[in-house]
Amino acid sequence: MTKDDSYGGLRKGLLEVAVLSVVSAQEVYAADILEHLHGTEFETGEGTLYPLLSRLKREGLLEYSWAESTSGPPRKYYGLTARGTQRLADTKTYLHELTSTLRTLGGNNA
Amino acid sequence: MRKVTTTNLNGRAYQLEEPAYEKLQTYLGRAEAALTDNPDKAEVMSDIEQAVADKCDRLLTAHKNVVSLEQMTDLLKQMGEVEGTADEAQTAAAGRPKRLFVIHDGAMFMGVCNGLAAYLGLQPNLIRLTFVLLTISTSGVWILVYLVLGLFLPRAETEAELAEAYGKPLTAQGIVARARERAPSAESMERASRLVARVLRIVARIISVASAIGFGLATFSWLWTLWQVVLGRLHLYDQLHIMNGWREWLTITAAYLLVAIPLVLLARLTGRMADNRRQSRLSTVSESSLAVLWGLSIVTLIAFATAYAGNVRDYVQSHAGHLDVGGSHLCVDDSRCDTNGRKSYERPSSPADPQMPGKPTLYNY
């Protein structure tokens, strides 16, 4: 995967899936998510992540709970809701379907 | 040494250099604008403030308790612009009133047509063509309208002003979209507008070459006329005597500038249109000085005309309707000229000019 700009739209669309995947593994707070994405194709900043988290929460895919932190104020720890888990599974299936469609479309040499 | 200001980020005080504070403030301002339609705006804003605070915490130690401008720039770059959704950007655009600006970015001359095009939502080249046609049909008077607009309309320089000029929201997407629109991209241009642009470029090229040739002819005539003055062939007599010498030179030069400067400007402007080039800062400066020089030449001509109109009238009256320049007699008042015209008319001779008609003579003052 290249980080070339022409794939920017593709990556942007899939960022939601990437975030849901990170959250699915364990309860995390926003800075953890950024750290997990760091170095991957989905590397991003707070400016993009925070509005995305707020939307996912509004759509009922994520929820958060406050937890005390040893350094500084309490933090929001994000976890998947049942709907979020369902959506992640659905999206992953759909992505597999898309990939296999793309394989068969160009003949069988892909 | 920079001044330091204290600010409150989510309930804790932080010391920032003033430019760093201003930078943060504009960043948060843009974030807020991008989140206008987000129902969780307050929450997201507070999360973002907290993220800035956390990052500042990491930069500060017991021995370093001020966040510098460089650190803030770096920090905000890491965070990235806060993004609204595309829909939000669209709604914001619809409700936003446009303002008329001069837009230098992508301008051919002063950016008046560019600004009008943005305001009316039309192709800049269309407006330019209209202005050229209006200028031709009003024999040049419309240029004044252009100049007045160019001088008095506010100039859109910041991204915020550009957003206002184009009626688009000041979001990261808006800025990217405008940058894309401004970029000369053959693909994004529609076929018809490409054809119009090509025709316009050809027309511009023709006008450019024609005005360059016109300029060359004007310059040649000017030099030739000055040479005639040197040879004494444009000598003036009696009441017009006073016009000889530097006044004659100046009048001829002012008349030359009056014709030549618009030709130069037209050649340059249309040349730029033909090459699809942009106005540079240097050409703005040189063209403005030419415009000033043009104004001066008009003032000079008007001043001379007012000062010497009486002399010309007296001269024509006392020389049977004729005006004498060097060796030629011009009938300028038919009611006074003799029916025999030139034959019965003797060129006047002044005390300092006792010689034959047509013979070059120079007065000494």
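Chain A and chain B bury about 1,400 Å² between them, and 48% of that is on carbon and sulfur atoms. Buried area here is the accessible area, taken with a 1.4 Å probe, that two parts lose on being put together, summed over both. Keep in mind that this is a predicted model: local features need pLDDT of at least 70, side-chain atom pairs count only at pLDDT 80 or more, and totals for chains, interfaces and linings use all residues. Residues are numbered from 1 along each chain as its sequence is written, chains are lettered from A in the order in which they are written, and side-chain values use heavy atoms, with hydrogens and water left out.

Who takes part? Chain A gives 14 residues to the contact, and chain B gives 18. Contact means heavy atoms within 4.5 Å. On the chain A side, Glu46(A), Tyr50(A) and Arg58(A) lose the most area to chain B, together 34% of what that side buries.

Now the charges. There are 6 salt bridges between the chains. A salt bridge needs a side-chain nitrogen of Lys or Arg within 4 Å of a carboxyl oxygen of Asp or Glu. One of them joins Arg58(A) to Asp40(B), with the closest N and O atoms 3.2 Å apart. Which elements of chain A give two or more residues to this side? They are H3 and strand E2 (75-80) of chain A. H3(A) supplies the largest share, 8 residues. Helices (H or I, at least four residues) and strands (E, at least two) are DSSP runs, numbered from the N terminus.

Over to chain B. It has 12 helices and 6 strands. Of its 365 residues, 35% are buried, meaning under 20% relative accessible area (1.4 Å probe, protein chains only).

Look at helix H3 of chain B, residues 69-79. Its buried residues are Gln71(B), Met72(B), Leu75(B), Leu76(B) and Met79(B). In general, an α-helix has 3.6 residues a turn, so residues three or four places apart point the same way.

What covers those buried residues of H3(B)? The cover includes helix H3 (46-58) of chain A. From chain B, it includes strand E2 (12-17), helix H1 (18-34) and helix H2 (41-59). Just after H3(B), Gly80(B) takes a positive phi of about 80°.

Terms used: Buried means under 20% relative accessible area, exposed over 50%, partly exposed in between (1.4 Å probe, protein chains only).
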